[in-house]
Amino acid sequence: MDVVDTLLSGVRGRGSVFGRSVLRPPWSLRFTDAPYLTLCTPLRGAGWIVPSTGTPRRVSTGEAAIVRGPEPFTFTDDPAAPAPAPTREVGGGASPTTAHADPGELSGPTVLLAGAYDVRAEVPHHLLRVLPTVLVVPDNGDCAPLRDYLESQIATGGPGRQTVLDRMLDWLLVCALRDWFDRPEAERPQWYAALGDDVVGAALRALHDDPAEPWTTASLAARAGVSRTTLAKRFTELVGEGPVSYLTGWRMTLAADLLARPELTVAAVARRVGYADAFGFSAAFKRVRGVSPTAFRQGLTAAEPDDARAARVGVADPVG
């Protein structure tokens, strides 16, 4: 699997589309308790994303705005208005869809779709931690058929409509993120840019494809077709650390998500990320994360909301 595909495969919306945000000026939506990411895309009209701090950004039909939480933000028709009214508060990043919208409502001047993404897993953060507070991806024309289909689903309803809407917004989010990271103004993690290098890219893909493999600098150099010295030097220049150090950090990221699965013992997690025994893994995890795997797992359980704990499902196993 492509490295970026692996990192984003766990990002999923959970019933947080609201298809009836039909807005007529003056209007303002206040997103409170914002999740890690909120996707906003107007089907009609335009508005302004106003973060708690920073510069307002305009987003129009066909564009996608991604807002990084947890700070609240506002979507409004006039960012200069001292107290736009009426203001509707939207808790948790977005409110769930209820009954399907009247088709006539979709002809309103502004119609907004949004999706909330808590992104509790550690793996996506390997890519997403560098995102700005607000980013806007321009319309490239490729998503027009998808937007038309979204409108039809909102208006007509039907079995499984919420799941369809969630998955389509997932697609829009991933597409917007991919487009953003390809833009010249985007800040990218060092390893992301290094994927395009003939030498380092081959080594990085090997580490992500099979992190449990007992990789050494020499074996990675052989995979990349260069000398050990050449790989070590170039990898450090482009990624900011050596290949073995990067592998350790990546393994601990994977392990953090696996520790959220109560059915896996610490020893089982250790084996899945390339350690022969729990002792060596625990020492490495504490060195990188500052706490033992057991303490980390206890912290996850304590911080998990009751409703999420009751509905918990296993995190997708990225290492087989």
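View 1. Setting aside residues up to four places away in sequence, Pro-138 touches Glu-63 and Arg-183, where contact is taken as heavy atoms within 4.5 Å. This is a predicted model, so local features need pLDDT of at least 70, side-chain atom pairs count only at pLDDT 80 or more, and totals for chains, interfaces and linings use all residues. Residues are numbered from 1 along each chain as its sequence is written, and side-chain values use heavy atoms, with hydrogens and water left out. Pro-138 sits in the loop between strand S10 (134-137) and helix H3 (144-156); helices (H or I, at least four residues) and strands (E, at least two) are DSSP runs, numbered from the N terminus. With a relative accessible area of 34%, Pro-138 is partly exposed, given that buried means under 20%, exposed over 50%, and partly exposed in between (1.4 Å probe, protein chains only). Ala-65 is 73 residues apart from Pro-138 along the chain, yet their C-alpha atoms are separated by 8.9 Å.

**View 2. Glu-122 in its loop.** Look for Glu-122 in the loop between strand S9 (110-117) and helix H2 (125-128). Glu-122 counts as partly exposed, at 24% relative accessibility. Neighbours within four places in sequence aside, its contacts are Thr-253, Ala-256, Asp-257, Arg-289 and Phe-296. Leu-258 is 136 residues apart from Glu-122 in sequence, but 9.6 Å apart in space, C-alpha to C-alpha.

View 3. Arg-251 belongs to helix H9 (residues 243-258), where 13 of the 16 residues are buried. End to end, first C-alpha to last, H9 reaches 22 Å, close to the 22 Å expected at 1.5 Å a residue; that expected span is 1.5 Å times one less than the number of residues. Arg-251 is buried yet has no salt bridge, meaning a side-chain nitrogen of Lys or Arg within 4 Å of a carboxyl oxygen of Asp or Glu. The nearest side chain of opposite charge, Asp-210, is 7.6 Å away (Lys and Arg count as positive, Asp and Glu as negative; His and the chain ends are not counted). Beyond four places in sequence, Arg-251 is in contact with residues including Pro-211, Trp-215, Val-273 and Tyr-275.

**View 4. Helix H8 and its buried face.** Helix H8 (residues 228-239) has 12 residues and spans 16 Å from first C-alpha to last, close to the 16 Å expected. Leu-231, Phe-235 and Val-239 are buried here. Seen down the axis, the buried residues fall within an arc of 25 degrees, so they line one face of H8; the arc is that of the directions from the helix axis to the C-beta atoms. They pack against helix H5 (190-194), helix H6 (198-209), helix H7 (217-224) and H9. Over on the other side, Thr-229 and Lys-233 are exposed. Just after the helix, Gly-240 takes a positive phi of about 95 degrees.

**View 5. Phe-235 and the nonpolar cores.** Phe-235 is among the residues with the most contacts inside the largest nonpolar core, which has 71 residues. Such a core is a set of buried Ala, Val, Leu, Ile, Met, Phe, Trp, Tyr and Cys residues joined through side-chain atoms within 4.5 Å. Helix H4 (residues 161-181) gives this core its largest share, 9 residues. Apart from it lies another core of 14 residues, among them Phe-31 and Phe-73.
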